[in-house]
Amino acid sequence: MTWRIFTAITKLKQKHSSAKIVTPFNPIVSPLLTYSFSTSFLITKTPKKFKKKRKKPSARTTLVQHQSSLIPYFERIVTRDNNFRFLIRSKQYLTKQHEHILLLDNAGKLYRELGFPRGRKVTKFVTKHPLLFEIYRHNDNKMWLGFTEFMENLLEEEHKIMESMEIERVKVVKKLLMMSKEKRMPLSKIYHCRFLFGIPDDFRDWVLKFPDDFRVVNGDDGSRTLELLKWDPALAISALEKEFMVDEEKVRRAFKFPLKHGKSLDLDEDDIRRLNLLNTLPLVSPYSDGWKHELWTLEAEKYRVGIVHEFLRLTLEKKASIHHIVEFKEEFSLTKHTYQMLLKQPRTFYLAGTEMNWVVFLKDAYDENGNLIEKDPQVAFNEKLYRYAQMQKPHELNHASENDER
């Protein structure tokens with residue numbers, strides 16, 4: 001009897017132990033989302049080869065000015081010069097060739113001299129200016145590149161302009177030499193920048209016409225240096241000095257040379273402006289011996305700012321690229337920090353383009369519409385040439401001529 005009771009109790013315990021245990025559903029930890037195996041082998045990150053590479057900012061493409069401070073008409077001038085690079089360089093190169101012609105096969109190799117990208121066909125750029133350039137087959141059965149008859153007439157017109165402006169160009173060269181440290185500079189440097197000042201292509205021979213003003217010295221290495229023979233006091237007056245005599249306040253506001261002061265002074269904006277004006281004047285003349293000042297002094301910076309300002313005043317369009325500025329770095333005692341120096345003077349200078357290839361403009365030389373206030377005859381001719389370069393058909397010339405007469 002006792003054995004039967006023990007057996008019944010044991011079976012009852014086994015029955016209860018084998019019953020399923022029902023657990024309430026937890027929406028946070030669901031049994032469907034649990035795994036009985038490791039997931040460490042799964043790729044949870046995007047492989048490097050599929051990741052988008054972030055482009056690092058490049059000085060070649062980064063604009064000097066922020067979008068909020070861009071001046072459109074200055075930027076358009078830079079774009080215009082880039083678009084007409086082939087026209088400008090090809091015109092300069094062909095005018096130096098015999099009969100103003102060049103073998104087409106040779107032209108395709110002179111991409112640097114003619115101003116078109118390497119690997120491109122020169123014919124593609126010639127066809128953009130059909131009124132100025134032409135390609136023809138000569139009696140020798142070879143293809144030649146040359147000017148059209150219309151372009152030859154324009155070159156004669158330009159030659160007459162240069163002859164009429166000869167005295168002014170002599171003054172420009174004299175002022176460049178007067179600003180230089182040694183009152184002399186390599187002849188090649190001025191020649192490379194001749195288009196900037198409106199100097200004729202035969203500049204090396206042209207200066208020999210003025211033996212009372214210049215002298216060409218031949219170096220042992222074959223280089224030729226242009227020296228100033230006679231100092232002209234009348235030319236040793238900068239454009240800033242002339243403006244100062246007319247409007248002192250305008251010149252005083254043109255530049256900003258901050259004066260360091262302690263925060264304990266608790267100055268407001270008007271007080272800071274008045275304090276900074278104490279540093280502006282007197283300016284250092286670019287025709288003085290300012291290069292003798294200690295390199296990082298205030299007087300030395302004023303001198304370098306004045307040099308660049310006067311240099312731009314001598315140019316045809318009151319602008320110059322980084323390549324033009326660097327060309328005369330040694331002669332004008334400029335430093336490698338010229339870019340930063342110009343950025344600190346936004347009231348007078350505007351830097352357009354990119355950080356690698358920037359162009360500096362004199363802001364007060366242009367009106368509110370981006371037109372030069374004082375336009376040299378050579379500039380007027382260049383603008384007319386650019387208009388003709390954009391024309392594709394001869395009948396467009398009639399409309400252009402009517403507009404020029406008006």
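Axes here are lines fitted to C-alpha atoms, for helices over the stretch in contact, and angles run from 0 to 180 degrees between N-to-C directions. The model shown is predicted.

Figure 1. The chain has 406 residues, of which 40% count as buried. Consider contacts between residues at least 6 apart in sequence: 64% of them join residues at least 24 apart. The chain exposes about 26600 Å². Carbon and sulfur atoms supply 54% of that area.

**Figure 2. Helix α8 packs with helix α15.** Helix α8 spans residues 166-179, and helix α15 spans residues 298-314. Their axes lie 11 Å apart, at an angle of about 170°. Angles over 145 degrees count as roughly antiparallel, so α8 is roughly antiparallel to α15. From α8, the contact draws on Val172, Lys175, Leu176 and Met179. From α15 come Tyr303, Ile307, Glu310, Phe311 and Leu314. By class, seven residues of this contact are nonpolar and two are charged. None is polar.

**Figure 3. Three strands form an open sheet.** The strand order is β7-β9-β8, and the pairing is antiparallel. Strands β7 (319-321) and β8 (349-353) stand at the edges. Each has a single partner strand, so one side of each is left without a neighbour in the sheet. From one strand to the next, the twist averages 25°.

**Figure 4. Strand β8 pairs with strand β9.** Strand β9 covers residues 358-362. Five bridges join β8 to β9, and the two run antiparallel. Phenylalanine 349 stands opposite leucine 362, a residue of β9.

**Figure 5. Helix α3 is mostly covered.** Helix α3 runs over residues 85-95. Eight of its 11 residues are buried. Among them are Phe86, Leu87, Ile88 and Ser90. Lys91, Gln92, Tyr93 and Leu94 of α3 are buried too.

Definitions and conventions: Residues are numbered from 1 along each chain as its sequence is written. This is a predicted model: local features need pLDDT of at least 70, side-chain atom pairs count only at pLDDT 80 or more; totals for chains, interfaces and linings use all residues. Side-chain values use heavy atoms; hydrogens and water are left out. Helices (H or I, at least four residues) and strands (E, at least two) are DSSP runs, numbered from the N terminus. Angles under 35 degrees count as roughly parallel, over 145 as roughly antiparallel, 65 to 115 as roughly perpendicular and the rest as oblique. Contact means heavy atoms within 4.5 Å. Ala, Val, Leu, Ile, Met, Phe, Trp, Tyr, Cys and Pro count as nonpolar, Asp, Glu, Lys and Arg as charged, and the others, Gly among them, as polar. Buried means under 20% relative accessible area, exposed over 50%, partly exposed in between (1.4 Å probe, protein chains only). Accessible areas come from the Shrake-Rupley method with a 1.4 Å probe; for residues, only the protein chains shown count as cover. Two strands pair if DSSP finds at least two bridges between them.
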